[in-house]
Amino acid sequence: MKSLDRIPTSKIERATKLVQTGAKVGVNYIKYYGEKIVNSELTKDKLNESNAADIYDGLKDLKGSALKVAQMLSMDKNFLPQAYVEKFSLSQFSVPPLSAPLVLKTFKNSLGKNPHEIFDEFNDNSVNAASIGQVHQAVKQGKKLAVKIQYPGVANSISSDLAMVKPVAIRMFNLQGKDSDKYFKEVEDKLIEETNYTLELKQSQEIEAACKHIPNLIMPQYYPEYSSDKILTMDWMEGVHLSEFKNNDPIIANQLGQALWDFYMFQIHILKKVHADPHPGNFLINKANQLVALDFGCMKTIPESFYIPYFELVDTKILNNPQLFETKLTDLEIIKSEDTQEEKEYFTQMFYDLLALFTQPFQSETFDFSDGIFFEKIAQLGERFSKDTNLKKMNGNRGSKHFIYMNRTFFGLYNLLFDLKANIIVNQYKELKH
C-alpha cells in the first residue's frame, strides 16, 4: 500500500476532496439510472459497490473524523448495504500509512526528539494504520513496544470535517431543526477526546486497573515517559484481530465471548463508563486464547439520569406495560411533548419492536450469540425501517444524545459475539471479585 507524504489539513483542501468524492457518487447514480432504463431488473448492488469504493477512497487519504465516521458506520452491519459495510470496515485497520519522513517529523514535533534517540529500536514503517493514528513497533531495554502516532492536523480538522458531513447525515437520518445539533456535538466532543492521547493514557491505565480481575482478559501496560498528547506508547501485544480469528472449538469461543461480555457489563453497570468503540481492530486473541483489549480513546461516561431509564427497559414488566413504557420513552427523549398523536403512536410501536428484540440477551440466564435467527430478525427489522415511507416523513430527532455511543456499543458488542459464535452467562460479571 502506497504511503502518504502529506495529509490535506486546510479546510479548502479537505472540502475539495469531499466535493470530488461527491461528484463521483453523482456520476455513479446517473450511470445506474441509465442502465436501469435498459435493464429494469437491475438491483442497487452494483451502485452501492461503486459508491462505497469512491467514498472510501476519498476518505482514506483525509484520515481523521471523516474516516472515523465511516468506521462507525461499518459497525452497523444490519442497517447499511453490505457493500458499504465491507468497504468501510477497512477503515478499522487498513488505510494508507504516513511515509517514514513524515512519521519522524511528526514524532519530533511532539516529543522533541527523533524516535531513534528514545528507543533502542524503532521501525519507521507502520504495522497498522487507522483513522486517527498509526502504530509502529519499537524496542526499549529488551521490551517490545507499540508506539501510536497521531496523524498531523487531525485534531484541528474535526469541527470543519463534521460540518461538511452534517448535511449528508441530516438527509440520511431525517434529522430536522436545531435539535439535531446535540447529536453532532456529542460526536464532535468524543472525536476531540480521541485525539487527546494524554487523556487516552489516563483512561487506559484506569480501565486496566479496574478490569484486570476479569478472567481471560488482558490489556497492555502504558508508558507516560514515552507518551504525549500526540504519541502513545504501550506494550506490544501479540495476537490476531478478532475478525481474523479462526476457531471451531465452542469451549474457546465461549471463553472469549464470556471475557468480552463480562468486560462490557462490568464497565457499564459498575464503572458507568464504557469502551464505546467495540470493533474487531480493537481486540486481539493471543496464543493462550485470551482476549486482548486495546485503544481506550473513546470512553463514554453514562450519566445516572440516562442509565436508569435505559436499563429499566430491559425489564419485560416495564416493556409490556404501555403506561410505564411511555414514561420511560419520554424520560429518554424518544417521545416528545410536541409530538402529534400519529408520531407518538408510530415511535412507541417502533421502539417497542426494537427493544423487544434487542433486549432478548438479558431475558434469560444464558444467551447464544451464534443464533443466526436472532441476527436475521435484526437484519429484517433494519430492512423494514429502511423501506418505511412513514419514517421518512417524521422528524428523526429521537432520543437522548447518549443513545449514539450506547447503541454503538451494543451493536458492536453483539456483532463481535456473533463473530465468535459465543454462548454467554448473562450475569456472571456480578460474581467476579474486584
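S157 lies in the loop that runs between β4 (143-150) and α7 (158-173). Helices (H or I, at least four residues) and strands (E, at least two) are DSSP runs, numbered from the N terminus. The model is a predicted one, in which local features need pLDDT of at least 70 and side-chain atom pairs count only at pLDDT 80 or more, while totals for chains, interfaces and linings use all residues. Residues are numbered from 1 along each chain as its sequence is written, and side-chain values use heavy atoms, with hydrogens and water left out.

The relative accessible area of S157 is 2%, and S157 is therefore buried (under 20%; exposed is over 50% and partly exposed is in between, with a 1.4 Å probe and protein chains only). The C-alpha atom of S157 is 9.8 Å from that of I192, 35 residues apart along the chain.

K421 is in the loop between α17 and β13 (423-425). K421 is partly exposed. The C-alpha atoms of K421 and L256 are also separated by 9.8 Å, and these residues are 165 apart along the chain. Leaving out residues up to four places away in sequence, K421 touches A253, N254 and S370, where contact means heavy atoms within 4.5 Å.

The accessibility values for four residues are collected here.

| Residue | Relative accessible area | Class |
|---|---|---|
| S157 | 2% | buried |
| C211 | 0% | buried |
| C298 | 1% | buried |
| K421 | 40% | partly exposed |

A disulfide is a covalent bond between the sulfur atoms of two cysteines. Taking a disulfide as a pair of cysteine sulfur atoms within 2.5 Å, the count is 0.

C211 also takes part in a helix contact, together with I207 and A210 of α9, against F263, F266, Q267 and L271 of α10. Helix α9 (residues 197-211) packs on α10 at an angle of about 100°, with the axes 11 Å apart. Axes are lines fitted to C-alpha atoms, for helices over the stretch in contact, and angles run from 0 to 180 degrees between N-to-C directions. The angle makes α9 roughly perpendicular to α10, a class that covers 65 to 115 degrees (under 35 is roughly parallel, over 145 roughly antiparallel and the rest oblique). By class, this contact has 6 nonpolar, 1 polar and no charged residues. Ala, Val, Leu, Ile, Met, Phe, Trp, Tyr, Cys and Pro count as nonpolar, Asp, Glu, Lys and Arg as charged, and the others, Gly among them, as polar.

Helix α10 (250-271) is also a packing partner of the buried residues of α11, as are α13 (322-331) and α17 (403-420). In α11 (residues 304-312), the buried residues are F306, Y307, P309, Y310 and F311.
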